[in-house]
Amino acid sequence: MNSRLISMQTIQKNVIPLKLLAIKLYCVQAMRLVKHPTLAQGSYILITFVFYAVTTLAFNLNDVQAATKPTIKASTTQTINAAAKQSINIAYLTQEQNPPASLSNLDPFIKEKGGIGAELGINDNNTTGEFTGQQFTLKRFIVPIDGNVNETFTKEISSQFKYLIVNLPAAQLKPLADLTIAKDLLLFDVGTSDDSLRNEECQRHVLHLLPSRAMRADALAQYMMKKRWTQWFLVIGPNPEDKLYAEAIKRAAKRFNMKIIAEKTWEHTYDARRTAQSDVAVFSQTEDPYDVLVVADEQGQFGEYLDYRTWIPRPVIGTQGLIAKPWHKTHEQWGAVQIQHRFLEKAGRWMEEQDYSAYLAVRAIGEAATRTQSNELSKLKDYIFSDSFTLNGYTGTPLSFRAWDGQLRQPILLAAPRSLVAVAPIDGFLHPKTELDTLGYDQPESHCQWNK
Amino acid sequence: MQYHSLKWLLALSLISTAHAENVFVTLEKDNALAIVDPIEGKLLKTVLVGQRPRGIALSPDNKHLYIATSDDNTIKVFDANSFKELGKLPSGKDPETFALNPAGDKMYVSNEDDSLVTVIDIKNKKVLKQIKVGVEPEGITVSPDNQWLISVSETTNMVHWIDTKTNTIVANTLVDSRPRAASFTADSQQLWVTSEMAGTLLIIDSQSKQIIKTINFDVPGITNDKIQPVGVIIDKDRNKGYVALGPANRVAVINAKTYEVEKVLLVGQRVWNLAFSPDQKRLYTTNGTSNDISLIDLESQTVTKSVGVGNYPWGVVAKP
């Protein structure tokens, strides 16, 4: 038994009379000793399980023949009233973005990716809350393009909320998280994939929901290794983010012993109609042959031109072609169809990765609040980082947070535009604790030091 | 001579009775039903039944076969011998799992997209009520004493106790992450619930509605996150329970008295649903991604055979 129940105490409390309302509350408090295999020695450390409460609420909507059932005898009236509810208030902060230059009209510009995901999460939390006596609220703050994010945070959020979902680029998240008042909150970053924020610049009060660039690159590398595409031609875009993505690709190549035979920066035009056919053919000629073209173009300025136009016929993988995402519209296994439908119905569009991450952030808060029966930050945070925390992300594996850098542990979908090609970790990439930790910075590799 | 003929006669009669048993398996991706002879371990035939068939059940008299054809948004009624379609039940949208009451005149359907349980009068093919439950209701079952209808909601992590007389929720039990399936013991005293993401089996007392035992599984060589319990059933004498462990490709055998995991049996890939033979001497498993079913002899506790049935075997039921 990996996680053994040492002792389980069942405390049956008396019926609490709350005027007309009567809830029968049972608490099962379990102290668990969980064996935790550490990576280096494979030895076990004992972790005392925090607190595990299971509440059974008896409630009744209509008149029920209560006399026949002793367990429901106490509850003959309406559902749990609002006064008895515990509130968990969540803020969501983002800033309006200028539409980027687009390649085509195929994908309409989405003004705000993330907020609807958070709302869907609130709905799900509140359905559970109806049964457990908790009420979740979400307030969305959308700062105008010329507005100041830190000012909104300081004036409207910091004193009123304990839980904040931040959907901002790394350049804005960093100064916000650095504010002293921000340290009293728990921040859920759903807008960045930066590895530096999860390593040298990590902060104890910031959790990261999107997979890092390193996790995405490792997912692609595992797949390429499985396919024996060992010789890579790396094409890098002109933006700083593209360079970061390329760094992650290079790290993955080293990690999985792949070879980057050539590396080039795209310096050509961004207009497909005029020059792509001739430009790409010339650009994609390399001295040594390669198996696959790996592209780093996060904004999608030229990556789509590469496929079918290379000098030799080779697949394109990276930010275009076969892409690595936490969520994709082609994904329908493990109950994903249901949430795809629910989101589509609510938003009128497919769920983007920021929506998915914001959904998971809200659900993580909900799960922690339900299990601890609390709205206190320290209790929820402890629970989120404990071994008992598991979250369903509709990807077939329980999700949790890495205790060493606050990154959400999650599978990565490898998707082509109209088909899901594979799900990483790819079969055969093993790990002593969880195969999910074969993606990105594992504990021994992490540069994050919480207490610096 | 007399002894020999007697032996033959006995053997013949055994074969003829044994051969009557059929195992029905819904094939989600083939839109079909597989009919298997579990004694010979042979696929007899497959018949087309409708789009994306999943949940399956037999009427108590074994005459009718109910199949949830999810993408047709209905539950179809078939003659269990001729497989002729007899009618359709108004199940609501995207039916996946459903349960019959012991009398076999009412059906309860989980409508996953709408967070509802639909109550159907089978004879009149009429919806009696729709009950609002938690997000993504999945597992559904009726207690053998017909007192409780249980609906398990995956995203709300809740077991809803619904009074079958009033069709209203009267109690809720919070359970581990992503509960999937629920089964009562034959005496209706316990409810066994699997939680897929937490990797646990919870045993709940029907009287107090409290979890009295949490069972974890450990399979050597398999990481914990691959252990995702789904289907669960308990034998009629409450000696042993069986849990399908999903992508761990194992069925766990649990002592229903000591709650110890006695054994794990290797079956096919992504095992999710289970059914007993009518005499409870064998157990049948649907293995979602290896496209077969495993036949388990319960006396020796060994997997005796796997039978290829078609794409994505989902639900399973055995007819005497």
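Residues are numbered from 1 along each chain as its sequence is written, while chains are lettered from A and ligands are numbered from 1 in the order in which they are written. Because the model is predicted, local features need a pLDDT of at least 70 and side-chain atom pairs count only at pLDDT 80 or more, whereas totals for chains, interfaces and linings use all residues.

The predictor assigns the complex an ipTM of 0.77 and a pTM of 0.80. In terms of pLDDT, the predictor's confidence in each residue on a scale from 0 to 100, chain B has a mean of 93, with 94% of its residues at 70 or more. The mean for chain A is 83, and 79% of its residues score at least 70. In chain A, pLDDT remains under 50 over residues 1-83, a stretch for which the model has 155 contacts beyond four places in sequence; a contact here requires that the C-beta atoms of two residues, placed from the backbone, lie within 7 Å. In chain B, pLDDT is under 50 over residues 12-18, for which the model has one contact beyond four places in sequence. Where pLDDT is low, the predicted coordinates should not be read in detail.

Secondary structure was taken from DSSP runs numbered from the N terminus, with helices (H or I) of at least four residues and strands (E) of at least two. On this basis chain A has nine helices and 20 strands, and 45% of its 452 residues count as buried, a residue being buried if 20 or more other C-beta atoms, placed from the backbone, lie within 10 Å of its own, exposed if 12 or fewer do, and partly exposed in between. Of the contacts in chain A with a separation of 6 or more, 66% are between residues 24 or more positions apart. Helix H8 of chain A (residues 353-372) has 20 residues and should span 28 Å at 1.5 Å a residue, which agrees with the 28 Å between its end C-alpha atoms; the expected span is 1.5 Å times one less than the number of residues. Of the 20 residues of H8(A), 19 are buried, and the helix is followed by A:Gln373, whose phi is positive, near 55 degrees. In the segment after strand S20 (419-424) of chain A lies A:Pro425, which is joined to A:Ala424 by a cis peptide bond with an omega of about 5 degrees.

Chain B contains one helix and 28 strands. Its radius of gyration is 19 Å, close to the 20 Å that the globule rule gives for 320 residues, so chain B is as compact as a globular protein of that length; the radius is taken over C-alpha atoms, and the rule is 2.2 Å times the number of residues to the power 0.38. Buried residues make up 54% of chain B.

Four strands of chain B form an open antiparallel sheet in the order S3-S2-S1-S28, where pairing requires that DSSP finds at least two bridges between two strands. Strands S3 (42-48) and S28 (313-319) of chain B stand at the edges with a single partner strand each, so one side of each is left without a neighbour in the sheet. Strand S1 of chain B (residues 22-27) is antiparallel to S28(B) over five bridges, and B:Val25 has B:Val316 as its bridge partner.

Elsewhere in chain B, strand S17 (residues 190-195) and strand S18 (residues 200-205) run antiparallel and are joined by six bridges. These two strands form a hairpin with four residues between them, and B:Gly199 in the turn has a positive phi of about 70 degrees. S18(B) also pairs in the antiparallel sense with strand S19 (residues 211-216) of chain B over five bridges, and B:Ile203 stands opposite B:Lys213.

Two loop residues of chain B other than glycine also have positive phi. B:Asn249, with phi of about 60 degrees, lies in the loop between strands S21 (240-244) and S22 (250-255) of chain B, and it counts as buried with 22 C-beta neighbours inside 10 Å. B:Tyr259, with phi near 65 degrees, lies in the loop between S22 and strand S23 (261-266) of chain B and is partly exposed, with 15 other C-beta atoms within 10 Å.
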